[in-house]
Amino acid sequence: MTLHQQIKAASLAALQALYPEQAFELDQIAVNQTKPEFTGHYTVVLFPFVKTLRCKPNELGEKLGDYLLAHTSLFSAHQTVSGFLNLSIKDQVFTDLLLHNFNNPNFGKAAPKSKKVMLEYSSPNTNKPLHFGHLRNIFLGYATANILKNDGQEVIKANLVNDRGIHICKSMIAWQDYGNGATPSSTGIKGDHLVGDYYVRFNNEYKKQIAALVSQGMDATQAEKEAPIMQATQAMLRDWEKGDENVRQLWKMMNDWVYEGFNNTYARLGVDFDKYYFESNTYLLGKQLVESGLANGILYQKEDHSVWVDLSDEGLDQKLLLRGDGTSVYMTQDLGTAKLKYDDYGIDQSIYVIADEQNYHMQVLQIILKKLGEPCWKGIYHLSYGMVELPSGRMKSREGTVVDADDMMDEMIVLAKEQTEAAGKTEGFSDAELQDLYEMIGMGALKFYLLRVEPKKKMIFDPKESIDLHGFTATFIQYAHARICSILRRENLPIMPDSSHFQGFVASEKLTDAEGKLLLSLEQFPEVLKAAANEYSPAIVCNYAFGLAQLFNSFYDNHPIAKAATDEKKNLRLMLIVMTAQVLRQGMNLLGIRLPEKM
RNA sequence: GGUCCCGUAGCUCAUCUGGAUAGAGCGACAGCCUUCUAAGCUGUAGGUACUUGGUUCGAGUCCAAGCGGGAUCACCA
């Protein structure tokens, strides 16, 4: 049990004992961290009780505080200030925590529970490379999966690849018409970028053709339909659906280029997947669901044979599920895939990491599944995040106004190199070690930048301003970690020393304010991770880790560690920084951010 | 127009789910390296939490209305 929980429980028991005629609920008891301007670590708010108990807040505070001190071994002092009972935690509670956990790699890790979730993220289209916006999705998905695993859940990371459709054919047509047989190996261009180039090429040609038709007097919407390149693309899609061998071959070849590129990018990003779904395999699945829904009278059919669902009882509109010609739409596919995931793994929850532009779609998906009586509807959770925009607005790959993911990584690593060199911190590293360090710093900064904001909020990224390596950044946390490792090296201690290094240690000296603050923060790590899991929010971990690193830096500045006044203090502080480093590592590890031992 | 999301320091964000005088980072200004890494630390300036009402002992947080920004409401995905 965390201190926070213990204090709540103890306060409840105390109130119950002091006022046996009253009934109290755990939820009524608000326990907060004490504000820095007051003495104490945790604060019980007394106002909720003064009305029913008809007593003065300060009297209640005194009574409650006295009782807690007498009946628990948690507190050393209490003080009531204008309705708030401030409790000071005994040093021994903190030193016990430290002794038991300073080198515990499982501190903050929850016991396994029987909950199986699938978390779908990334889910790219295969017609263009990944951009900065996708990175938010990917980091968010990967980090959240780790956070849920840490919470004891079984997590299957899935990637639903959108590998078919008209947009894929656009790149194919452009390559066929203008590519002259270019391949990644013949051009030296990464596969996903090469295909993306032809997607842009398609749009350029398309625009030209429309303009030409319009100048001949055709109206714009007509021209959009009749542009020869669009006609050819639609024909290609039909051929694809028919299984035309040449088209399928071209399709497979170009998609393979893209996958090779994506795999390269995923590897650099440090993310992976347990299961891939391909829309070319699953896009027909939903049809069956829709047909049985039609047979059961849950859905209805119009004269043109198109199939619809009526959601007016949910306050929504009608939604098309099958076209008049029997082909499926986006929603149909998603219905099928949702069921497939459930059937494949018997999952309890199905999480979708998808941008907030699809909030409505996800809401409708769930409602339709519910109407169809598919049990998988219950577990659907849309982890919605705000889009990443440029100062000029949304990124449009069609218009080439995107910040490319691969370029971004390169730039971040260059930035890390420049700043490391500028700080004169390259001595004592081999070239390979430096390269690894730049990678850690650059990628760490990028990941942290995208994860530190609450997922729901949209972000604006200005490419002209590079991502900072100071302040609220991964670099700051990495630096704190490197400093700790440096001290341990000088003391000839491993990063994770076992208790034999501290034989015979007894904590008897009073903790300083800074020591207490660090320990208080360390103690909160498990509940922070719990909150991050409950709220699907890596940002909570970012904020916590930064706060902890801040506390450490401040502690470091005014407390000698290796040269502490007594052996006891030295050992205590060494254990304290070992634990701090371990918690920082574990927290950042959940976010996919590595911490160097030297920088 | 309907529905949903957002609005906190010049900028980027927190505020532990309703608690004390709203906190960090960047930027600005002023200090701190013969002592474990100055990518750091300490301090100063910076606020009508979009507005107006309401609920409450207590509201940035909950409710209502309005203002501003965004998303979405396709036989696109």
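1. Let's begin at the RNA. The side chain of N553 places an N or O atom 3.3 Å from a sugar or linking oxygen of RNA strand B. This counts as a polar contact, meaning a pair of N or O atoms within 3.5 Å; within protein, one must be able to donate a hydrogen and the other to accept it, and residues adjacent in sequence count only if both atoms are side-chain atoms.

2. Before you go on, a word on the source: this is a predicted model, in which local features need pLDDT of at least 70 and side-chain atom pairs count only at pLDDT 80 or more, while totals for chains, interfaces and linings use all residues. Residues are numbered from 1 along each chain as its sequence is written, chains are lettered from A and ligands numbered from 1 in the order in which they are written, and side-chain values use heavy atoms, with hydrogens and water left out.

3. Two further contacts are worth a look. S554 has a polar side-chain atom 3.2 Å from a phosphate oxygen of RNA strand B. At H559, a polar backbone atom lies 2.6 Å from a base nitrogen of RNA strand B.

4. The most comes from α18, with eight residues. Helices (H or I, at least four residues) and strands (E, at least two) are DSSP runs, numbered from the N terminus.

5. Now to the domains. Chain A is assigned domain 1 (3–89), domain 2 (165–278) and domain 3 (405–590), with bounds from an automatic or database domain assignment. The C-alpha centres of domain 2 and domain 3 are 44 Å apart. Six residues from domain 2 and seven residues from domain 3 make the contact (heavy atoms within 4.5 Å).

6. What joins domain 2 and domain 3? Two salt bridges are counted between them, a salt bridge being a side-chain nitrogen of Lys or Arg within 4 Å of a carboxyl oxygen of Asp or Glu. R268 forms a salt bridge with D410, with the closest N and O atoms 2.9 Å apart. On the side of domain 2 that touches domain 3, α11 provides the largest share, three residues.
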